[in-house]
Amino acid sequence: MSLRNALRRGPDPRTTPRPDGPQVHPVDDYRPLHRMLLFGIQHVLVMAATPISSIFLVSSTLHLTPALTANLLSAAFVLSGLGSLLQSLGPWGIGARLPFVMLPGGAPLILFLSIAEQHGVRTATGAVVITAVFCFVVLPVFSRLLRFFPTLVIGTMIVIVGVNLVKVGALLVTGRPGSSGFAEPRALLLGLATVGCTALAYGMLRGTLRQLSVLLGLLAGTTVAALLGRVELEATGGGALLHAPQLMPFGTPQFALLASLPLLVYSLASMAEATGQTVINSAAVGKEPDARRDAPKTIRGDALVSLAGGFFGLPLMVTSGENIGIVRITGVRSRFVTVAAGLVLITVGFLAPVAWLVNAVPAPVVGGTALVVFGVITVLGIQMLGRSGLDDHTNTFIVAVALALGLLPILVPGVYGQLSPNLRILLESGVAVGAFSAALLHALFHRAPWRPRTTTAVGAAAVGTTAGATPAGPSGTDRETAR
């Protein structure tokens, strides 16, 4: 499938299909190019801080040269763009054909740096390659386990993901506790001003401008930051106009299975998180979620892009949760918007000055935008839990225990600091702990053979009915603005 033909799939919304003709689902709706680019840029601006901060963290931790830093930054943008195209277009069963954007960062980045510091950066890149191959190998087994992840479990996982992401956005505004300038008043002002401008734009504007409220809020926050002298332009590539990523910048990867164990263990949690993101993205665009059908496609896309990223010196690549929030806020559900975002990311990867401009957006402004978007993800998880039969006391108990265990390492960082490193890797992933706790308790209380038949039937009905229900799409107002 060529990119040009893929972009032409689905009619232009200005040419309404005949009433007796086939209807195009909003996720497959092709929009005019200029509108797709605007919405795509909005997705890019919201997620761009993550690859930039990830690469600069790698650079500062491993003491890389400016040239090598620029090379990794270019590779991060290009592969994020290619991954977004893959996930959005979904050729050959790789990618879920949903509006996903991909990026490096998060827990895989920390594990990558840990392996690099202990065993060398070439071993770390080899660990990324091994982990990507491992995901392909274990995926058939993991797919069979997805029946133990009904709506109740996925909703619990999404709430934990949302709370964790809200914390990440808050730290972008305040900085790390104990660091110099923590919760500095001007940073708080920028974050809150960005939130306020986003809410103002969403409440007062209509049509396309309302759908661009996240972008407008970010631009307004950046303008306030410029007036306060908080915007700095810093070139990272020696002033060059074009910059292409270099293959194997650290040399040939070295493959060491034992050194790769932390990433291999984490990959199981990553696949569970990808499953939750696939379900919640399906709900956001108004498609009936089918984790057993779609989650393996998302995981294949993550694994393939991570495999390529390992040869370009990058950590594992994952789908971006914040972009799901943008889909929900704007009501623009077309996957071709994230196709446009992927093209923009690839362009940014080759144009060094564009990366400088994106990097100029202050962290508190990005954090303020993230607070809004990540809060929406938390609400989506709550809505999913509301459809999972919480009037059943057993289900309420399952969610309560899973949330308590999943939120513990998020709310109390370092709680498992005295445990062995391998055990700590598992327990410090709140998303994994919450998901597996909910799945285990659900299987114990609803599937165990010693449970009374009536209780099992009630529990299965509570979960099965909601899992098969078509999720609520955007409100009537959102549908109007999305046209």
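## A right-handed crossing

Let's begin with helices α8 and α10, whose crossing is right-handed. The contact between α8 and α10 holds 10 nonpolar residues and 5 polar ones, with no charged residues. Keep in mind as you explore that this is a predicted model.

Helix α8 covers residues 185-204, and helix α10 covers residues 213-227. Their axes lie 8 Å apart and meet at an angle of about 140 degrees. Angles over 145 degrees would count as roughly antiparallel, so α8 and α10 are described as oblique to each other.

Which residues do the touching? On the α8 side they are Leu 190, Thr 194, Cys 197, Thr 198, Ala 201 and Tyr 202. Their partners in α10 include Ser 213, Val 214, Leu 216 and Gly 217, along with Val 224 and Ala 225.

## A left-handed pair

Now turn to helix α7 (residues 151-174) and helix α16 (residues 363-386). These two pack with their axes 7 Å apart, at an angle of about 165 degrees. That angle is why α7 and α16 are called roughly antiparallel to each other.

The crossing of α7 and α16 is left-handed. Sorted by class, the residues in this contact are 21 nonpolar and 10 polar, and none is charged.

## Another antiparallel pair

Helices α6 and α12 also pack together, with an angle of about 165 degrees and axes 8 Å apart. They are therefore roughly antiparallel to each other, and α6 passes α12 in a left-handed crossing.

From α6, the contact residues include Thr 125, Val 128, Cys 135 and Phe 136. From α12, they include Arg 292, Pro 296, Arg 300 and Ala 303. By class, the contact of α6 with α12 has 13 nonpolar, 4 polar and 2 charged residues.

## Empty space inside

Rolling a probe the size of a water molecule over the atoms shows where empty space is left. How many cavities of 30 Å³ or more does a search of the whole structure find? The search finds 4, and the largest cavity holds about 110 Å³ of space.

What surrounds the largest cavity? Its lining is made of 14 residues, and those nearest its centre are Cys 135, Ser 270, Asp 302, Ala 303 and Met 317.

Helices α6 (121-145), α11 (261-285) and α12 (291-310), together with strand β2 (317-319), each supply at least two lining residues. By class, the lining has 9 nonpolar, 4 polar and 1 charged residues.

Key. Residues numbered from 1 in each chain as written. Predicted model: local features only at pLDDT ≥ 70, side-chain atom pairs only at ≥ 80, totals over all residues. Heavy atoms only, no water. Axes fitted to C-alpha atoms, helices over the stretch in contact; angles between N-to-C directions. Helix = DSSP H or I, 4+ residues; strand = E, 2+ residues; numbered from the N terminus. Parallel < 35°, antiparallel > 145°, perpendicular 65-115°, else oblique. Left-handed = near helix turned anticlockwise from the far one by under 90°. Contact = heavy atoms within 4.5 Å. Nonpolar A, V, L, I, M, F, W, Y, C, P; charged D, E, K, R; others polar. 1 Å grid on protein atoms, 1.4 Å probe; cavity = no way out; pocket = protein on both sides within 12 Å on 5 of 7 lines; lining within 4 Å. Points joined across faces, edges and corners; volume = space filled by probe spheres on them.
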